[in-house]
Amino acid sequence: MTLPVALMDATYKSVNTNPWRFVPAESVKSFSCPERSDILSVTPQERIEAWEEDAMLGLGHFWKRVQARKAETATPEFADRSDAGRQLTEALQISQSLSSVAGDPVVVAMPRGGVPVAFEVAQRLGLHLDLLILRRIAAPGHPEFNIGAVVDAKEPIVHIDEASVRRFPLPPGYLNTERQHQIAEVDRHHRMYFGEDHADEHDLAGRHVILIDEGLSDAGSMEVSIHALRQLGVAIITVALPVASQDTLDAIRDKVEDVVCLSIPPTFGDVGDHYEDFPETTDQDVVRLLKEARRSERLLN
């Protein structure tokens, strides 16, 4: 039986000199305690010792909570996406990513959140800015699980994860219907962002692509993007990220020529936790930044 709330609070306050004083009150509820009738027959010190013994059993859980609290209260690494782009530019300049004589570098953003980051990088390095538009194909009834994706190209690239498909029973015609729907969405977004431009303007064959996103907590979309770029004949891929989980970096490192990442936190929650200002990037923001990038390119040329 757990302690009554009032007694838990009193016990919590009474041990403010021992090393478990940082255990949140809600954690105390998970520790076992004597019955209320027994509590009245023991001394406060015995109560504390019994509580500490149970607390020790939850040591692993406790330290996980401590790390999570540190992550919540830590100062974010980036003021906003533009700041992340500026810091990423410096890291790219220091790394060996731009030293290769092959590949003709081009900055490619993953919309939408990656665009403001990539815009800063492209502006500061004097490189062309492009997009890699990707639309996921979700499992039926499970929008959080992806079974494939469609990537923008002269001929749309459709990637189906056969292992994921086998995990979900698909209704007849579902995959073909979703494929066609996402192809149409990719085309719609391309026209929204670029207008009626020609596909040859986005030819990446033989080039060095610096692929940028605002941050990654998992490798799914990045792995599909890398696969698509290889199909497009890209010569060199450098993945550049402000922040990512260690698992994500481990999953993609062997698939590209280089990875530049500014922050690899020991515990990873949401990408937005690492930014002081993290508003939604809208389609209008993407269009505006692309137009500004084109104007800058014309001035340079």
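Start by selecting helix H7, residues 114-125 (helices are DSSP runs of H or I with at least four residues, strands are runs of E with at least two, both numbered from the N terminus). Arginine 124 and glutamate 120 both sit in H7, 4 residues apart, about one turn of the helix. Show their side chains: they meet in a salt bridge, 3.2 Å from N to O (a side-chain nitrogen of Lys or Arg within 4 Å of a carboxyl oxygen of Asp or Glu). Glutamate 120 is buried at 13% relative accessible area, while arginine 124 is partly exposed at 47% (buried is under 20%, exposed over 50%, partly exposed in between, with a 1.4 Å probe and protein chains only).

A word on the ground rules: this is a predicted model, where local features need pLDDT of at least 70 and side-chain atom pairs count only at pLDDT 80 or more, while totals for chains, interfaces and linings use all residues. Residues are numbered from 1 along each chain as its sequence is written, and side-chain values use heavy atoms, with hydrogens and water left out.

Next, pick glutamate 185 and arginine 135, another salt bridge, at 3.8 Å from N to O. This one links distant parts of the chain, 50 residues apart: glutamate 185 is in helix H9 and arginine 135 in strand E3. Glutamate 185 is buried at 14%; arginine 135 is partly exposed at 27%.

Then jump to glutamate 214 and arginine 81, whose closest N and O atoms are 2.8 Å apart in a salt bridge. Glutamate 214 is in the loop between strand E6 (208-212) and H10, and arginine 81 is in helix H6 (residues 81-94), so the pair ties together parts 133 residues apart in sequence. Both residues are buried.

Last stop: where is the largest pocket centred? Its volume is about 660 Å³, and of its 25 lining residues, Pro111, Arg112, Gly113, Leu134 and Arg136 are the closest to the centre. (On a 1 Å grid over the protein atoms alone, a pocket is an open set of points where a 1.4 Å probe fits, with protein on both sides within 12 Å along at least five of seven lines; lining residues have an atom within 4 Å of a point. Points join across faces, edges and corners, and the volume is the space filled by probe spheres set on them.) Colour E3 (134-139), H9 (174-194) and H10 (220-231): each supplies at least two lining residues.
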